[in-house]
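This briefing is for a reader who is new to the structure shown below. Please look through the sequence and the model, then read the points by topic.

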Amino acid sequence: MALARGYAATDASKPLQPFSFERREPNEDDIVIDIKFSGICHSDIHQARNEWGNSIYPMVPGHEIAGIVTAVGSKVTKFKVGDRAGVGCFVNSCTKCATRDLDLEHYMPGLIGTYNAYEADGVTPTYGGYSDSIVVKEGYALSIPENLPLDASAPLLCAGITLYSPLMHWKAVPGKKVAIVGMGGLGHMGVKLAHAMGADVTVLSQSLSKKEDGLKLGADHYYATSDAETFKTLAGTFDLILCTVSAEIDWNAYLGLLKVDGTLVLLGIPENAVPVHAFSLVPGRKNISGSMIGSIKETQEMLDFCGKHNIVSEIELIRMDQVNEAYERVLKSDVRYRFVIDMATL
Ligand code: NAP
Ligand code: ZN
């Protein structure tokens, strides 16, 4: 067992604080990663504050992990000491069924989260990336392309794959009109990725305050959802709408922006339910769906795609002791566009 240091939430209402814990002894198929950077995802905040009602404390959040391999087990073939490695939202999954072969392991009940979960033994808690090291099976670690800066690559491990997967699944190809709702951590990655895939990209943000950035990152159009005219102007426009909003909004209004057969995909996971009216779906054969991160294979594909197109996150690098302040700023949509913790400051 190796002693690790990090920051943890100890209950839903207290700020995160320094926390020491033990990382398990590496097995023959494990690698040890010296964590250099850890992104702050809004899901970290939802879980640290028990907004999904499933929190396990103490909780070390963080599932956008980028670092350097410091040790490899005897059966490891993908990594060697000194390699750049990333860990995303899960560190284990069911391997017994065919689903892993279909690259859908992230939708299986056996999924083990990087934090706020228990290891396969059912009793040892998993601890995430707001810490100095992690031990992970090599099959759940990702290779980060050499040409990408490590700090700005960390958010690809969650924000990147969460947008890449639905853009690929619903085929955001040239000629498709794609809207991204919310220009936050997930949303700004969606703009970059959809643009690189050749789709026509529209940002639907609460205001026009980030319009200049949105257009620079690859959006073709940018509208404010606080302006009721937006919903009239854009009625029936989109093939695909990816909603990254972390709060409850009126999905019926957004369904009105879809073309016939268009799809609204929920990526954001607000605390409370939102009603959907049948009239929002029936006239127009519209679809509402959801999507969660991506498989390990697809995450590696996404990283390689980002390497090829030179895509990383727009980040604000912060010290570990700024994490609580960063959470407050995320809640106010005051982040451009992802906070990343420099773990050297722990
Ligand atoms: P974020 O950086 O806070 O971005 C969310 C954006 O939503 C904000 O920047 C804001 O964009 C918009 N927004 C916030 N409150 C709003 C409100 N009341 N009304 C309208 N728009 C609002 O968060 P994130 O890290 O991108 O995560 C977003 C959501 O996705 C969270 O719920 C998170 O848990 C979830 N998530 C899901 C997955 C998945 O696999 N499905 C993966 C990661 C995260 P504007 O300022 O542009 O309006
Ligand atoms: Zn996340």
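This is a predicted model: local features need pLDDT of at least 70, side-chain atom pairs count only at pLDDT 80 or more; totals for chains, interfaces and linings use all residues.

Residues are numbered from 1 along each chain as its sequence is written, chains are lettered from A and ligands numbered from 1 in the order in which they are written, and side-chain values use heavy atoms, with hydrogens and water left out.

- Cys 41 sits in the loop between β3 (30-39) and α1 (42-48), and Cys 158 in the loop between α2 (150-153) and α3 (159-169), so the pair links distant parts of the chain, 117 residues apart.
- Helices (H or I, at least four residues) and strands (E, at least two) are DSSP runs, numbered from the N terminus.
- Cys 41 is buried, with a relative accessible area of 2%, and Cys 158 is buried as well, at 4%.
- Buried means under 20% relative accessible area, exposed over 50%, and partly exposed in between (1.4 Å probe, protein chains only).

**Domains**

- The chain is assigned a domain 1 (2-158 + 313-345) and a domain 2 (159-290); these bounds come from an automatic or database domain assignment.
- The centres of domain 1 and domain 2, taken over C-alpha atoms, are separated by 27 Å.
- Between the domains, 15 residues of domain 1 are in contact with 19 residues of domain 2, contact meaning heavy atoms within 4.5 Å.
- About 1400 Å² is buried between domain 1 and domain 2, and carbon and sulfur atoms give 50% of this area.
- In domain 1, Cys 158, Glu 314 and Tyr 337 lose the most area to domain 2, together 37% of what that side buries.
- Buried area is the accessible area (1.4 Å probe) that two parts lose on being put together, summed over both.
- Between domain 1 and domain 2 the count is one salt bridge.
- There are also 14 residue pairs in polar contact between domain 1 and domain 2 (both at pLDDT 80 or more).
- A polar contact is a pair of N or O atoms within 3.5 Å; within protein, one must be able to donate a hydrogen and the other to accept it, and residues adjacent in sequence count only if both atoms are side-chain atoms.

- Nine of the 11 residues of α3 are buried, so α3 is largely enclosed by the rest of the structure.
- Among the buried residues of α3 are Ala 159, Ile 161, Tyr 164 and Leu 167.
- The cover over the buried residues of α3 includes β10 (177-181), α4 (185-197), β13 (238-243), β14, α8 (296-309) and β17 (338-342).
- Just after α3, Lys 171 takes a positive phi of about 55 degrees.
- Leu 266 lies in strand β14 (residues 258-266).
- The C-alpha atoms of Leu 266 and Gly 290 are 4.5 Å apart, although 24 residues separate the two along the chain.
- Leaving out residues up to four places away in sequence, Leu 266 touches Cys 243, Trp 251, Ile 288, Ser 289, Gly 290 and Ser 291.

**Salt bridges**

- A salt bridge is a side-chain nitrogen of Lys or Arg within 4 Å of a carboxyl oxygen of Asp or Glu, and by this rule the count comes to 21.
- Lys 192 and Glu 314 form a salt bridge, with the closest N and O atoms 2.5 Å apart.
- Arg 84 forms a salt bridge with Glu 146, the closest N and O atoms being 3.9 Å apart; Arg 84 counts as buried at 14% relative accessibility, whereas Glu 146 counts as exposed at 63%.
- Lys 297 and Glu 301 meet in a salt bridge (3.9 Å, N to O), and being four residues apart in helix α8, they are separated by about one helical turn.
- Arg 24, Asp 30 and Glu 119 are linked in a network of salt bridges.
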